[in-house]
Structures are given as structure tokens and as C-alpha cells.
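Subject: Structure handover

Hello,

Here is the structure we spoke about, with the sequence alongside. My notes on what was found follow below.

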Amino acid sequence: MTKKILLSDGEIPRQWYNAAVDIPGGLNPPLDPVSKQPMGPEKLAPIFPMGLLAQEMSDQRFIDIPQEVLDIYAIWRTTPLVRATNLEKALGTKSKIFFKNESVSPVGSHKANSAVPQAFFNMKEGVKRLSTETGAGQWGCALSFATSKFGLECKVYMVRVSFEQKPYRKSMIQTYGATVIPSPSTDTKAGRDILAEFPDTPGSLGIAISEAVEDAFSRQDTKYALGSVLNHVCVHQSVIGLEAKRQLAMAGETADVIIGCCGGGSNFAGLAAPFLPDYLEGKKIRFIGVEPASCPTLTMGKLAYDYGDVAQSTPLLYMYTLGHGFIPPGIHAGGLRYHGMAPMVSAMVRENIVEPLKVQQLECFEAGVLFARAEGIIPAPETCHAIRAAIIEATRDLKKEQTILFNFSGHGLLDMSSYDKYFAGELHDYDYSEAELTRSLAGLPKI
Ligand SMILES: Cc1ncc(COP(=O)(O)O)c(C=O)c1O
């Protein structure tokens, strides 16, 4: 039995897949935060380069990947598709479990797949500096790596709780030559306003985004980069699913269940969306998007227009949301702590193509430890959510033979303090309450 299904360098996809074209019912356009009218690319041009805006609003099913991006992808792509035979044995399941190992990128996660083209298209249009936010630190590392390849400066606003929990992510960002500070910070008005009201806040992605967007608006030489949520990010991540489809075919398999964890939705969309045409042609595939019970955007949130950030400076996106004012508890899967969800993933949930699933923190760490002991790789806490869902599927009926594919979005080698806390019994489960939900949804803009 083949353990790893590998593709050669020459088999890196040459085009990204844009699922927005194929999702039944389509996507609703972004709205201007002030006029509440649909927003064209020219309004977004102060913070994003036209090359990325063209992808954001593209009506093309496939988009060419520039050679300069392919050359950098070649550092780690293609990534292996691995059969988790030892995990299957440990579970006693008849199901086959495959994982797409995105942890082999230089920064340890899928985030580099979008960071490289984002830095490239900015560089091509003469941008000198990028600002961004990071939750778990994975995106900040990825963008710092990518900007170092194209000679751009980079400033990273890192959610304070992660800044404190993950010192080595800071070191990585600095090693690639970028600047990183904890958010909320005193460098921006958005940060100062939050600190004045909540001096002890753990921070949130919504706050860090406000800071990074303000930074980009306030300087001529700077644009903003977002690590998830937006269409162009999900499009870049499609290399994951495009490769996985080929690799499964080489193994003579078709996926019955496809699983990814959902923060802003990009790694899940990247793996799942390229299988959408097969689903629409009638293939029986279940897509499962997994999120933490403490930040249950898809399972408890509302499908509505909302801001992407706390300061209400971003366009309004039509997405599942817990309300832009939502400040989640400091769970250790920092990358899953976002109030919104990619419009692309939201539309697939709306159409009942994707099943959302919420899981608790402790069961995820338990799954991650089991996986590490079986397959050897220590998963990032975010990735543990996908593993937990794969285990639920594989053990629901041990005799059922199904092929399960999940995205191994990142390794956890810089998340060991979270594992330490898990082993010390210091982590807890957390359910987001209806009362909290009602409070945070009350701030949704009236459209
Ligand atoms: C390893 C890992 N997986 C998943 C995510 C979630 O992000 P997304 O939903 O955009 O893939 C993150 C975010 O930081 C991450 O670091």
C-alpha cells in the first residue's frame, strides 16, 4: 500500500480555480461601508493592488499563476498526500484516511500559498510596504517570508494573546525581516481607542485588521494584505485541492468526505472547492467545515452583511458572522478566532453543500495527540479541529468503508506551549452562549 502520493515539480498547478463562478446562486457583492452600495475595484484600490482586485471580482473559472509565483511555490510545492495508515489502525476503522500535508511549507502552513502571490502582485504595481494582521502568527510568518522574496517591507499587527503565547512566531517574523507588534497597539487610532476602553483586552483578529487597514490608508507607500476570508485568498489556496484531486486519482481513490478547519475559511475552501464541479455533476461528496465551539461562526452565526473588523473600516461582506464586535475567548487555536467567514464558504453553507460542525477544544487536542503518536507530525491547534472531525467520521461506524480526506493545514511545532497547557489540565471547553450571540449580533449594520 502506498503511504505517500507525490507529484513532481512540473505538476504544480499552473492555474488557480475560482469557485465563485460555480457556486449555485453566486456570491453577493461587497458593499461600501459608508454608502452601503455595491463596491467596484476602484474604491478598494487604495488598499489592494489591481492585480488582486481583478482576482477578487473575477468571472473566470481558472486564473493563470504567474511564473514568478510558481518559482517560489517550487520551494515546497507540490505537497504530499499521505494515507494516515497508522491513525486508521489506532482507530480500528475500515475507512481510508488521507491528509494533504500543507505543513511542509517553509513557514509550516498553507498560508504561504496566498502570501507569495499577494506580495508578488503588490511588488509588480510598485508597492513598497505591506501591513497585515496575524492571529496565530502563521499568516504573519507567511507574509514576512513572501515580502522578503520580493524586497518589500512588512509590518505585522499580532493579536496580543498570541504575541504572548507564541514568542517564536515573533522571532520567525523578525528573521524574515518584518516588524511585529502586539495588537491593540498605540501605533494606530483604532488600537488606542480599544486600549482606552479595554486596557486588558486579549485582542482579536477584528481589532488587528482595523489597525493594519488604518496603517495602509495612512501611508502612500503601503497596501494591506489579508490572510483569509477574501475570494482571492481562497482562489490562491485552490492549489491544495487541485493537487489533492490528482493525487487521489493516482491512488485510484475518490473522496467521500472532505474536511477542513475553518477560521476565515481559506484552507477549507482551498482543499474543498476544486471538488465542487464533481459534486455539482452528481458525485456524492460530503464537505465538512469544522470550527471551535467557542467561535461558532457557521453553526450559530447569522448570514448577513457585516464589517470585517471592529472599527468598521472594511467593506461589508455577505457572510456568516457573529458580529464584528465579537471578542472571542483566548482559545489556543488563535487562527480560528474570527467573527466572520469567507463569502465563498458562507455561500457553500447557504446552499447546503458544506456541513458546518463545531467541536470543543479538549477533544481537538486529544485528537492532535493521537495523530502525533500515530503519524509522527504534531498538528497546529487549528489543524487538530480537522483531525477531530476526521476521527468522528472514521469511527461513527467502524465497519463502513469510506475515503476521508482532510487538510493538514499546519504543524504545531511553535504551539507547544498550548500542548503544555493541555497536558497540565489548564485548558477548558467553552460554549458560546445564546445571550452573548444576541448581544454581538445586535451591532450588525442595517442593510
Ligand atoms: C495552521 C492553520 N490552520 C488553519 C487556520 C485557519 O485559517 P483559514 O480558515 O483561513 O484557513 C490558520 C490560521 O491562522 C492556521 O494557522
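I will start with helix 11: 16 of its 20 residues are buried, so the helix is largely enclosed by the rest of the structure. Please keep in mind that this is a predicted model.

Helix 11 covers residues 231-250 and spans 29 Å from its first C-alpha to its last, close to the 28 Å expected at 1.5 Å a residue. At Q237 helix 11 bends by about 30°. Just after the helix comes G252, which has a positive phi of about 70°.

Next, the domains. The chain is divided into two of them: domain 1 consists of 4-8, 66-108 and 231-441, and domain 2 of 31-47 and 111-225. Their C-alpha centres are 23 Å apart. Across the boundary, 43 residues of domain 1 are in contact with 37 residues of domain 2. On the domain 1 side, at least two residues each come from helix 3 (67-73), helix 11, helix 12, strand 12 (302-307) and helix 18 (416-423). Helix 11 gives the most to that side, with five residues. By type, the residues on the domain 1 side comprise 20 nonpolar, 18 polar and five charged.

Then the ligand. Both domain 1 and domain 2 give residues to the shell around the ligand, so the ligand lies between them. The shell holds 21 residues, and the closest are S228, G263, N267, G335 and G410. Helix 6 (138-150), helix 12 (266-272) and helix 17 (381-395) each supply at least two residues of this shell. The largest share, three residues, is from helix 12. Helix 12 also supplies at least two residues to the side of domain 1 that touches domain 2. Of the residues in the shell, 13 are polar, seven are nonpolar and one is charged.

Is I331 buried or exposed? I331 has 22 other C-beta atoms within 10 Å, and 20 or more count as buried, so I331 is buried. Leaving aside residues up to four places away in sequence, I331 touches P292, S294, R337, Q361 and Y430. P292 is 39 residues from I331 in sequence, but the two are 8.8 Å apart in space, C-alpha to C-alpha.

Regards

Methods. Residues numbered from 1 in each chain as written. Predicted model: local features only at pLDDT ≥ 70, side-chain atom pairs only at ≥ 80, totals over all residues. Near = placed C-beta within 6 Å. Helix = DSSP H or I, 4+ residues; strand = E, 2+ residues; numbered from the N terminus. Nonpolar A, V, L, I, M, F, W, Y, C, P; charged D, E, K, R; others polar. Domains from an automatic or database assignment. Expected span 1.5 Å × (residues − 1). Bend = angle between axes of the 7 residues up to and from the residue. Buried ≥ 20, exposed ≤ 12 C-beta atoms within 10 Å, placed from the backbone. Contact = placed C-beta atoms within 7 Å.
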